[in-house]
Structures are given as C-alpha cells and as structure tokens.
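Work through the exercises below with the sequence and the model at hand. Each task is followed by a solution in steps.

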Amino acid sequence: MIYSNQAGKIKLYTRHRTECLRQYPELLDNPFVKDIVLDGEIACVDPETGRVDFELVMKRFLARKEDKINLYTRTLPVTYVVFDILHYDGEDTRKLPLHERKALMQEIPFNNPRMGKTPYVQGAGESLFKQMELTQMEGMVAKRLDSTYVGKRSADWLKVINWTYVDVVIMGYRKTEFGWIAGVKQRDGEVKPAGIIRFGVSPKARVIQNQQ
C-alpha cells in the first residue's frame, strides 16, 4: 500500500491504484509534519495465534460499511509496515540508493503506533532465512544496497520464499494481473483463503484462464 501525506491531505491506495482510505482509519492518526510518500505492507495479526493472517488482511480491505470498519478497527487493528520512502519534504527520493533511503527513513519519527519500519539486516541473509524457516514465516526480500526504487519487479529486488507444500483448492482467479486464488481446506470442511498463485503455472493453463 502507498501512504501519501502531502499538503496536509492523506491518501492510501494499493499498487493497482485502488483507494482504501476509509478502510484504515487507525492509520490517519498523528500524521507526519512534513510531506511524505511511503511504500509498505498492511498486516493484521490474529488475536488468538499472534501471527499475521492473510485472511484477516483481506477482511479489513473488503470492509466498506462504516459500522463494520469501526468494529474491525477496535478488534482487528492493522499495522502499516513501511519498507521504502518515495518522496520527503518536496524531494523525490526514488533515485537515491537503497541504503540512503533506509538511512533517511530511520531519521524520520513515526508518531503513529500503528505504523512501523521494516527491520532489515545487511550481510546475514542466510542466517535470517534460517530464522524465517524456524518461525514458519513466508519469506523475505533481498535487495541490492545501491538499487533505486522502480515501482515494479526488478532483478535488484528478489523475493526469497520459504516454500511449504499443501493441497490447495482453486477458489477463483484474478481478471487483471494473472493469478489463481487458492484456499486450504480446514478440518471442519471450510475452505480458508491462503493466497494467490502467480508462478509455476503452465502457459496452457494461463491461456485457458484468459479465455474464460
């Protein structure tokens, strides 16, 4: 999600330019003093397990009625985890190398407790990934220190996934950018959304989806 606070006006929108300001009122408190544009991820923690839950993230995103949004804000608050800064105090920072953008971000106070900075390590990626495996986290992103912000997939930013294997149910598909919506069957028979399958799909299967 992109967070923009310019001239005192806050905007929130997805990478597909979908406005989502109404869904996350907890992110509007204690705005930044200076103009700023940030890139990050929305996370929502399951109060029972203490783990980030993709289904709860989607539950918050899809909420539209004011009473439901207010309820979720109290019972399922989100956290905006920031990993990059695009503009600050009138300056375009996208062409700065990553390590300079990270250093700049560390200097900027985040006054909203529902907003935080993504932790990162330098030169210890393999050890970090082992910790990810032990805690069953989804994975991490490896980035070149001198990389600029390009706003799209790049060889300078690589997603390193902690693969796990399970039988899934295809619940539907995304009409714009290719993707199958996958779910995992629970013990009670309910199918719980698990994510979107984008890779490892044969060209033939992709053509079949596009024809539907």
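Phe-110 has a relative accessible area of 18% and is therefore buried, where buried means under 20% relative accessible area, exposed over 50% and partly exposed in between, with a 1.4 Å probe and protein chains only. The model is predicted, so local features need pLDDT of at least 70 and side-chain atom pairs count only at pLDDT 80 or more, while totals for chains, interfaces and linings use all residues. Residues are numbered from 1 along each chain as its sequence is written, and side-chain values use heavy atoms, with hydrogens and water left out.

**Exercise 1.** Describe the aromatic pair of Phe-32 and Phe-110.

*Solution.* Step one is the rule: rings of Phe, Tyr and Trp (its six-membered ring) pair if their centres lie within 6.5 Å, and planes under 30 degrees apart count as stacked, over 60 as edge-to-face and the rest as tilted. The rule gives 5 aromatic pairs. Step two: Phe-32 and Phe-110 are 5.2 Å apart centre to centre with 85° between the planes, an edge-to-face pair. Step three places them 78 residues apart: Phe-32 is in the loop between strand 2 (9–13) and strand 3 (36–44), and Phe-110 in the loop between helix 3 and strand 6 (115–117). Helices (H or I, at least four residues) and strands (E, at least two) are DSSP runs, numbered from the N terminus. Phe-32 is buried because its relative accessibility is 11%. Ring pairs join Phe-32 and Phe-110 with Tyr-3 and Tyr-80 in a cluster.

**Exercise 2.** Classify the pair of Phe-178 and Trp-180, and the exposure of each residue.

*Solution.* The centres are 5.9 Å apart and the planes 55°, which makes the pair tilted. Phe-178 has 12% relative accessibility and so is buried; Trp-180, at 22%, is partly exposed.

**Exercise 3.** Which residues of helix 1 (residues 54–62) are buried, and how are they arranged?

*Solution.* First, the buried residues are Leu-56, Val-57, Arg-60 and Phe-61. Next, they lie on the same side of helix 1 because they cover an arc of only 140° around the axis, taken from the directions from the helix axis to the C-beta atoms. Last, the buried residues of helix 1 pack against strand 3, helix 2 (66–75) and strand 4 (78–88).

**Exercise 4.** Where does Arg-101 lie, and is Arg-101 buried or exposed?

*Solution.* Arg-101 belongs to helix 3 (residues 98–107). Its relative accessibility is 1%, so Arg-101 counts as buried.

Definitions and conventions: Contact = heavy atoms within 4.5 Å.
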